[in-house]
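Work through the following exercises with the coordinates open, and try each task before reading its solution.

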2 protein chains.
Amino acid sequence: MNKMQKEHALTKNQQIIFDLIDKSPEPMKAYSILFNVQKKGIKAPLQVYRALDKLVEIGKIHKIESRNAFIACHNSSCQVAKATAFSICEICEKVTEISSAGLSKYLANFKDKDGMKYSKYNLEFFGLCKKCRT
Amino acid sequence: MNKMQKEHALTKNQQIIFDLIDKSPEPMKAYSILFNVQKKGIKAPLQVYRALDKLVEIGKIHKIESRNAFIACHNSSCQVAKATAFSICEICEKVTEISSAGLSKYLANFKDKDGMKYSKYNLEFFGLCKKCRT
DNA sequence: AACACTGTGTAATAATATAACATTAATATA
DNA sequence: TATATTAATGTTATATTATTACACAGTGTT
Ligand SMILES: [Zn+2]
Ligand SMILES: [Zn+2]
Ligand SMILES: [Zn+2]
Ligand SMILES: [Zn+2]
């Protein structure tokens with residue numbers, strides 16, 4: 001691995017699990033991940049959860065809290081900001097990561113009544129996707 | 001109960017569970033609720049989850065998704081909009097419902113790349129509360 | 001009465017996540 | 001190199017969160 005790179009190289013388990021999630025067209029649940037990587041030698045839930053925790057921590061994946069599921073990030077800025085936004089279709093469960101400069105700027109600057117600012121947030125929008133609306 | 005009221009009167013189980021959550025200074029988890037209402041005759045998880053589902057549906061309580069916990073709503077508008085925002089302290093776990101006209105207006109009007117608008121959303125901000133910052 | 005709808009009670013089980021402990025690999029620094 | 005330190009792994013067991021399935025009771029409608 002290139003020592004010049006700041007990026008944290010993934011370990012074997014992390015890479016296996018990231019690749020699986022990254023390939024998946026939809027958010028994956030932990031035990032579905034476990035089932036899918038058992039042939040690669042990952043046998044126990046904890047091995048999955050540990051890799052997931054790390055991948056979330058370094059911003060390679062995000063957890064969709066309302067669904068207890070994980071998707072790969074395709075928006076490099078999340079890795080720094082820990083500021084995430086998703087749209088979720090309530091019929092087909094399609095999840096899309098929203099990357100809107102306006103939205104993230106608005107939320108990063110949002111102050112509550114006490115003047116408190118929060119750099120970290122998670123936003124989940126719900127509605128019907130294009131396909132399910134027709 | 002007053003027949004004139006549109007408001008749905010709570011059933012016995014719903015009322016017991018709502019009262020408990022409403023009194024609680026912090027979000028309550030389902031099995032903690034169960035433990036606390038067993039002396040009132042609610043014996044099984046399902047009885048709790050059914051009441052919680054209904055209370056969430058009618059907007060009397062909200063689920064804090066990142067914590068799997070429930071708090072009472074003190075903001076009448078949520079009941080209609082199903083649009084919720086919270087601030088969560090990462091140290092003491094204090095949770096506060098944010099009611100900001102500006103924020104809810106911004107989010108209710110937010111359009112994604114496809115021009116899609118979402119009337120329903122859940123936003124969780126993370127940071128340190130006043131007490132934990134000092 | 002027959003039906004639909006909502007809520008209840010109970011038991012069993014599914015799905016999600018963590019604790020505890022032993023071991024090994026990678027990294028740092030002396 | 002040696003050694004301390006940190007991070008990751010493997011394994012078993014267990015805790016926590018949530019749902020399925022089935023029987024039944026109350027309410028309102030036709
Ligand atoms: Zn992202
Ligand atoms: Zn859809
Ligand atoms: Zn509310
Ligand atoms: Zn705090």
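**Exercise 1.** Is Lys54(A) buried, partly exposed or exposed?

*Solution.* The model is a predicted one, in which local features need pLDDT of at least 70 and side-chain atom pairs count only at pLDDT 80 or more, while totals for chains, interfaces and linings use all residues. Residues are numbered from 1 along each chain as its sequence is written, chains are lettered from A and ligands numbered from 1 in the order in which they are written, and side-chain values use heavy atoms, with hydrogens and water left out. Buried means under 20% relative accessible area, exposed over 50%, and partly exposed in between, with a 1.4 Å probe and protein chains only. Lys54(A) has a relative accessible area of 25% and is therefore partly exposed.

**Exercise 2.** With which residue does Glu57(A) form a salt bridge, and how are the two placed in helix α3 of chain A?

*Solution.* A salt bridge is a side-chain nitrogen of Lys or Arg within 4 Å of a carboxyl oxygen of Asp or Glu. The partner of Glu57(A) is Lys54(A), with the closest N and O atoms 3.7 Å apart. Because they are three residues apart in helix α3 of chain A, about one helical turn separates them; helices are DSSP runs (H or I, at least four residues) and strands likewise (E, at least two), numbered from the N terminus. Glu57(A), at 47% relative accessibility, is also partly exposed.

**Exercise 3.** Which residue meets Glu90(A) in a salt bridge?

*Solution.* The side chain of Glu90(A) meets that of Lys120(B), at 2.9 Å from N to O. Glu90(A) lies in the loop between β3 (83-89) and β4 (95-97) of chain A, whereas Lys120(B) lies in strand β5 (residues 120-127) of chain B, so the pair joins two chains. A further salt bridge links Lys120(A) and Glu90(B), at 2.8 Å from N to O. Over all chains, the count of salt bridges comes to six.
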